Amino acid sequence: MSLRFQEYRPRRILNVHKHTDGPWFWSRYSAHPYIGCRSGCEFCYLRGGHYLGRRDPATFDTLIQVKLNAAELLRRELARVPTDVIVCGDWQQPAEDRYRLSRAMLEVVLDHGFPLFVVERSPLLIRDLDLLQEIQRKTWVGVVYSISNLDQRLKLAFEPRSPGLRRRLQAVEQLARAGIRVGVSLMPILPAIGDDRQHLEETITATRDHGGSFVLAGGLTMQGVQAERTLQALERLDSSQVSRWRKLYRWQPGAWPDYGPPRAYASRLGLTVRELCEQHGMLDRMPRYIPPGPLGVNKRLAEQFFLRTYDLELAQAPNWRIWAYRKAAWTVDDWPEPLDQVYSQGGAEALAALPEVGDRLAGELADCIAQLAPGP
Amino acid sequence: MAMTITDECILCGACEPECPTESISEGDTIYLINVETCVECVGHADSPTWVAVCPVDCIVKL
């Protein structure tokens, strides 16, 4: 299982998302310097089909493709798009230690004045704390450390080659001390073996104790080779739980599982995490970046609607209701005029005329506007 | 007599608690072995204990 690096020079690096991915990472762009990861966690969604393209999932952790011109491409491509949050870099060992492409990309993000969001497992990120602080001073930085749980037994079974849990928590602490907004993504929460109150509470309190201010919880997704490998890891750990997972993901032998667990399960999990967060003075969502200037109000309003979609998910509301808020949030987020001005000039009718908003959501928008900027 | 950790170390930390002479410590980018105190586990085990636990085989003889 020797490690190979394959250097190449792609033509493009920046992924431009149609919409911000609220209420999760609030990002509009992403750019990654490496494909493949030495950690090779069994449950990693990146092993699943639609992320890996034509690459062989079996070499995910032994063949690391290195985009040598990552920083140069990013510099060129960021110059052509409006400023918004970018998810950038990958501090995986040993690739980043050898190539330092993520650091070079941070320098570009700093020069262009883009707000930055990082989701990471590697403590190597701390080496670039100086740049993170500079970006924070100039715009905004949010960091999420990915820690599924703090159970060493589960780590060894599902992610034996990932960076040590203690090192990750130390990194959270160093970021928090440096004034960087940091939280932990409890993903994936492993059904039946890592989703109980004790596992969740242990990670949430450790996050708080190390200076983190929020957690983001997410269940395990299952797809293709990743699903098979994850189930095999469970079988090696505790074969008595295999049938529970098969049932949860409606996974018949010879067929493929559901991509995610049932809504009732996901909702229960989210509500438990929310309750624990409230108990321990933490947030279960990450506050978003609000740009300076008159359009910041639209971002705040969209944030409220995006957060509402999450509340409705937890309440197991019908999909059409969730989508109504999501689509309205997209409109609000991208609207070119400040909506508080639109409202003050045209009233609720002007808000209702916005695409995907309508009368009822216009009323809610008006309430949000009043709350954000109470009148004289 | 000493071992070393190559730059293929992925910072998993599995080796650290296994070392009988506490010769392994965290470096910034990889774990490090103190060559002054490393005895290659002679007197403690038949072969260096943490070579066996390293998931990426990055611990080698100097």
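This is a dialogue about reading some features of a predicted model.

Trainee: How is a pair of aromatic rings described?

Mentor: One gives the distance between the ring centres together with the angle between the planes. In this predicted model, a search of the whole structure finds 10 aromatic pairs over all chains. Trp26(A) and Phe306(A) are both buried.

Trainee: Why is the pair of Tyr29(A) and Phe114(A) called tilted?

Mentor: The planes of Tyr29(A) and Phe114(A) stand at 50°, with the ring centres 5.9 Å apart, and therefore the pair counts as tilted; edge-to-face would need an angle over 60 degrees, and stacked an angle under 30. Because Tyr29(A) lies in strand β3 of chain A and Phe114(A) in the loop between α4 (101–112) and β7 (116–120) of chain A, the pair ties together parts that are 85 residues apart in sequence. Both Tyr29(A) and Phe114(A) are buried.

Trainee: Which residues form one aromatic cluster, and where does the charged end of Arg246(A) sit?

Mentor: The cluster consists of Phe43(A), Phe158(A) and Trp245(A). As for Arg246(A), its charged end sits over the ring of Trp251(A), 5.0 Å from the ring centre. Arg285(A) lies over the face of Trp24(A), at 4.2 Å from the centre of that ring.

Trainee: In what order do the three strands of the open sheet stand?

Mentor: The order is β1-β5-β4 in chain A, and the pairing in this open sheet is mixed. Since β1 (4–8) and β4 (34–35) of chain A stand at the edges and have a single partner strand each, one side of each is left without a neighbour in the sheet. Strand β5 (residues 63–67) of chain A runs parallel to β1(A), and five bridges join the two. As a detail to look for, Glu7(A) stands opposite Val66(A) in β5(A).

Trainee: What should I expect of phi and of peptide bonds?

Mentor: Most peptide bonds are trans, and a negative phi is found in most residues other than glycine. Against that background, the bond joining Gly22(A) and Pro23(A) is cis, with omega about 5°, and Pro23(A) is placed in the loop between β2 and β3 of chain A. Another cis bond leads from Gln93(A) to Pro94(A), with omega near -10°, and Pro94(A) lies in the loop between β6 (86–88) and α3 (95–99) of chain A.

Trainee: Where is Cys41(B) found, and is it buried or exposed?

Mentor: Cys41(B) is in the loop between β3 (31–33) and α1 (49–53) of chain B, and has a positive phi of about 70° although it is not a glycine. Its relative accessibility is 3%, so Cys41(B) counts as buried, the limit being under 20%. Arg100(A), in the loop between α3 and α4 of chain A, has a positive phi as well, near 55°, but Arg100(A) is partly exposed, with a relative accessible area of 42%.

Trainee: Which residues make the nonpolar surface patch?

Mentor: Tyr45(A), Leu46(A), Tyr51(A) and Tyr259(A) make a patch of about 400 Å². Of these, Tyr51(A) lies in helix α1 (residues 49–52) of chain A and is partly exposed, at a relative accessible area of 44%.

Note on methods. Residues numbered from 1 in each chain as written. Chains lettered and ligands numbered in written order. Predicted model: local features only at pLDDT ≥ 70, side-chain atom pairs only at ≥ 80, totals over all residues. Heavy atoms only, no water. Patch = residues over 30% accessible without salt bridge, like charges linked within 9 Å, V, L, I, M, F, W, Y side chains within 5 Å. Areas by Shrake-Rupley, 256 points an atom, 1.4 Å probe, with all protein chains shown as cover. Salt bridge = Lys/Arg side-chain N within 4 Å of Asp/Glu carboxyl O. Helix = DSSP H or I, 4+ residues; strand = E, 2+ residues; numbered from the N terminus. Buried < 20%, exposed > 50% of the residue type's maximum accessible area, 1.4 Å probe, protein only. Phe/Tyr/Trp six-rings, centres within 6.5 Å; stacked < 30°, edge-to-face > 60°. Lys NZ or Arg CZ within 6 Å of the ring centre and 35° of its normal. Pairing = 2+ DSSP bridges.
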